[in-house]
Amino acid sequence: MRTEGLTLYWLALACLLLQLLPAEARLWLELHPATWWQGEYWRLLTGHLVHAGWWHWLLNALGIAVLQQLLGPYLAVRHWMACCLFSAVFVSVGLGLISSLSYYLGFSGLLHALFIFAALQALAREKVVALAVLAIVLGKVVLEQIAGPAESSARLIGIAVATDAHWLGAVAGLCFYLARALWSGPLKLQFR
């Protein structure tokens, strides 16, 4: 059994530890576009690690577990860390530029990025699983843009679902995959 992908669980643990902080401390970590434009750049990253409540954290932790089980072996440590950093900045800046959200918190945007990136990584070796994951994630993103977020999810987590973070995350995962493939050389752009 490969253990390299097990490090994805550290993401859930990091989010759990931050969830244990007092609410006032977590406010300093949330993504508030108006404040990071004023120099609070840590929010570009930390806004993705804090959650509105325990249900919000649990849903994201379950997403990490599903990602680990389906595609964990296709996410080397250096790749998922780089994908998370790139996607956090991409999603945060994107939300600041195109969204009317006054704040954002949660890991779902990065989960969408990681699912897309890992599925593309796995496409050559696990075609059925990779295509199924791509279809589900992309179908979910499109459905959210057409029908809006599921109200039951918003009631469960206690805040509005930031669907813009989901599609921005999916785009970030694709961009990261393409950039990594191009960086590796033009001959390696064959879904590896």
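Okay, let's start with glutamate 144: at 11% relative accessibility it counts as buried (buried is under 20% relative accessible area, exposed over 50%, partly exposed in between, with a 1.4 Å probe and protein chains only). Quick caveat: this is a predicted model, where local features need pLDDT of at least 70, side-chain atom pairs count only at pLDDT 80 or more, and totals for chains, interfaces and linings use all residues. Residues are numbered from 1 along each chain as its sequence is written, and side-chain values use heavy atoms, leaving out hydrogens and water.

So what does the side chain of glutamate 144 meet in a salt bridge? That's lysine 140, at 2.8 Å, N to O (a salt bridge being a side-chain nitrogen of Lys or Arg within 4 Å of a carboxyl oxygen of Asp or Glu). Lysine 140 is partly exposed, at 34%.

Searching the whole structure gives two salt bridges. Glutamate 40 and arginine 43 also pair up this way, at 2.6 Å, N to O, and arginine 43 is buried, at 5%.

Back to H8. Lysine 140 turns up again in the contact with H7 (contact means heavy atoms within 4.5 Å). On the H7 side you've got, among them, Phe115, Ile116 and Leu120. The contact residues split into eleven nonpolar, one polar and two charged (nonpolar is Ala, Val, Leu, Ile, Met, Phe, Trp, Tyr, Cys and Pro; charged is Asp, Glu, Lys and Arg; the others, Gly among them, are polar).

Definitions and conventions. Helices (H or I, at least four residues) and strands (E, at least two) are DSSP runs, numbered from the N terminus.
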